[in-house]
Amino acid sequence: LFLSRERRAALSRAGWMVMGKGARSWALEVAKILLAVLFFFPAATLQCKILKCNSEFWASTPSSGPKEEFCTALRAYNSCVRRTARTCRGDLAYHSAQHGIEDLMTQHNCSKEGPTASPRARTLSPPAPPLPPQTNNFVPSDGPEVCHYERSLPRHSAPPNYTHCGFFGDPHLRTFNDDFQTCKVEGAWPLIHNKYLSVQVTNTPVLPGSAATATSKLTIIFKNFQECVDQKMYHAETDELPAAFADGSKNGGDRHGANTLRIVEKVPGQHVEIQARYIGTTIVVRQVGRYLTFAVRMPEEVVNSVEDQENQDLYLCLHGCPANQRIDFRTFRGRAAESQGSSSRAKPESPSHGFTYQSAMAKCKERLPVEDLYFHSCVFDLLSSGDINFTLAAYYAFEDVKMLHSNKEKHHLFERDAGLFNSTPKGSSSAGLLMLLTLVYTFCVQLCLSSSFPLFCSAK
């Protein structure tokens with residue numbers, strides 16, 4: 001009993017008071033705890049929906065107003081948490097929420113019985129019109145110049161070079177260097193990790209026992225940046241694509257340039273855009289079918305701002321997937337075309353998949369008329385999974401390229417483009433060996449034709 005009272009007192013001191021800045025401090029601490037849980041114990045939190053309850057509560061809790069309105073939101077929060085009991089029983093955030101609700105009920109004299117209307121999101125001010133992501137002419141705000149990437153650059157300097165990375169489908173990766181790869185990468189993998197933000201995806205098998213995986217969870221950490229933004233975490237997973245950060249906020253916090261980081265919901269539950277103007281970055285997250293897609297536009301300077309060069313090998317958007325995680329896309333496609341749909345990874349003619357090579361080609365042609373790598377990735381996904389939603393995943397991935405990539409000539413990528421299908425380092429080594437043998441052969445022919453080496457020519 002004594003320990004329980006001490007714990008409750010500590011929670012109150014740590015910031016459970018919602019009607020003030022203490023709540024924001026507590027939310028930040030919870031975000032850090034949740035980050036550790038999500039990164040180091042992804043399986044334990046995969047089915048737990050406590051984050052959705054937390055986000056809804058913090059987004060709906062009034063900063064001022066009648067006590068009854070707050071108590072209604074708190075009872076709705078309590079009901080949401082109770083519904084997660086079976087799947088969240090061993091989750092740290094779940095138990096923290098339980099104790100926090102008890103303290104809040106006591107502090108504000110809220111009755112456990114009463115209306116529990118679904119929380120409604122509050123709007124602190126009229127939302128600003130969404131910015132076109134393909135431009136970086138940032139709207140004025142009350143933030144300092146350092147919080148606007150282009151404005152912070154030296155005068156008369158060259159315009160920044162913006163790069164793009166995309167991750168979608170089975171999954172397919174387009175790196176900042178415009179390499180296009182198809183990978184396995186089951187489990188948790190880092191897409192981006194630099195001084196300003198980190199992005200991690202979790203990929204799960206599309207079918208039981210299949211090597212085909214797709215993204216079911218995404219976590220983005222925006223790190224503290226000078227006087228501009230507080231550290232913020234965005235977390236999405238299948239059927240939960242929130243329009244707020246994990247603490248319920250929609251911008252960078254309480255600092256002077258907080259509005260240079262904000263979330264814009266384009267299509268509820270399907271399409272979210274995160275604008276981080278202080279680092280010149282735009283991120284697009286979508287849910288297509290049961291899986292998530294990711295796309296980012298980022299200045300080259302930010303891309304290369306890595307803190308530890310020796311531990312950056314798994315920064316997928318920069319270095320690509322490890323060689324042992326890449327799939328030989330061309331071999332798969334060739335076998336599928338030759339046998340009308342059978343391959344080592346899937347049997348498209350089986351009833352569970354329902355696609356032959358020709359029917360997959362026809363279906364992808366409806367959305368992607370140009371036979372580029374996005375088209376071929378669509379065909380690959382239909383053959384390996386049979387999930388028709390992967391057609392839309394490839395389509396939207398290409399739409400994001402058109403919106404985010406600064407070079408129109410590189411929107412389409414084709415198989416002939418250099419370096420796109422190096423499934424293992426052996427490809428480049430074989431090419432080098434072939435070139436070396438060609439040079440040796442040419443040299444030998446010249447020796448044969450030379451009168452200075454008659455014995456060599458006769459032996460030939």
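How many bridges join strand β4 to strand β5? Point 3 takes this up.

1. **Basis.** This is a predicted model, in which local features need pLDDT of at least 70, side-chain atom pairs count only at pLDDT 80 or more, and totals for chains, interfaces and linings use all residues. Residues are numbered from 1 along each chain as its sequence is written, and side-chain values use heavy atoms, with hydrogens and water left out.

2. **Overall make-up.** The chain has 16 helices and eleven strands. Both are DSSP runs numbered from the N terminus: helices are H or I with at least four residues, strands E with at least two. Of the 460 residues, 48% are buried, meaning under 20% relative accessible area with a 1.4 Å probe and protein chains only. Take the contacts (heavy atoms within 4.5 Å) with a separation of 6 or more: 59% of them come from residues 24 or more positions apart.

3. **The β4-β5 hairpin.** Six bridges join β4 (residues 187-193) to β5 (residues 197-205). The two strands run antiparallel. Three residues lie between them in this hairpin. Gly187 stands opposite Asn203 in β5.

4. **The open sheet.** Seven strands form it, in the order β3-β2-β1-β11-β10-β9-β8, with antiparallel pairing. Two strands pair if DSSP finds at least two bridges between them. β3 (180-182) and β8 (261-267) are the edge strands, each pairing on one side only. Neighbouring strands are turned by 10° against each other on average, direction ignored.

5. β1 (residues 162-168) and β2 (residues 172-174) run antiparallel and are joined by three bridges. Phe168 stands opposite His172 in β2.

6. **A helix across the sheet.** Helix α14 (residues 389-404) lies across β1, β2, β9 (271-276), β10 (281-288) and β11 (291-299). α14 runs at about 165° to β10. Axes are lines fitted to C-alpha atoms, for helices over the stretch in contact; angles run from 0 to 180 degrees between N-to-C directions.

7. **Its partner helix.** The axes of α13 (residues 373-385) and α14 come within 8 Å and cross at roughly 160°. That makes α13 roughly antiparallel to α14, a term for angles over 145 degrees. In their contact, Tyr374, Ser377, Cys378, Asp381, Leu382 and Ser385 of α13 meet Phe390, Thr391, Ala394, Ala397, Phe398 and Val401 of α14. These residues divide into eight nonpolar, three polar and one charged. Ala, Val, Leu, Ile, Met, Phe, Trp, Tyr, Cys and Pro count as nonpolar, Asp, Glu, Lys and Arg as charged, and the others, Gly among them, as polar.

Conventions:
Parallel < 35°, antiparallel > 145°, perpendicular 65-115°, else oblique. Buried < 20%, exposed > 50% of the residue type's maximum accessible area, 1.4 Å probe, protein only.
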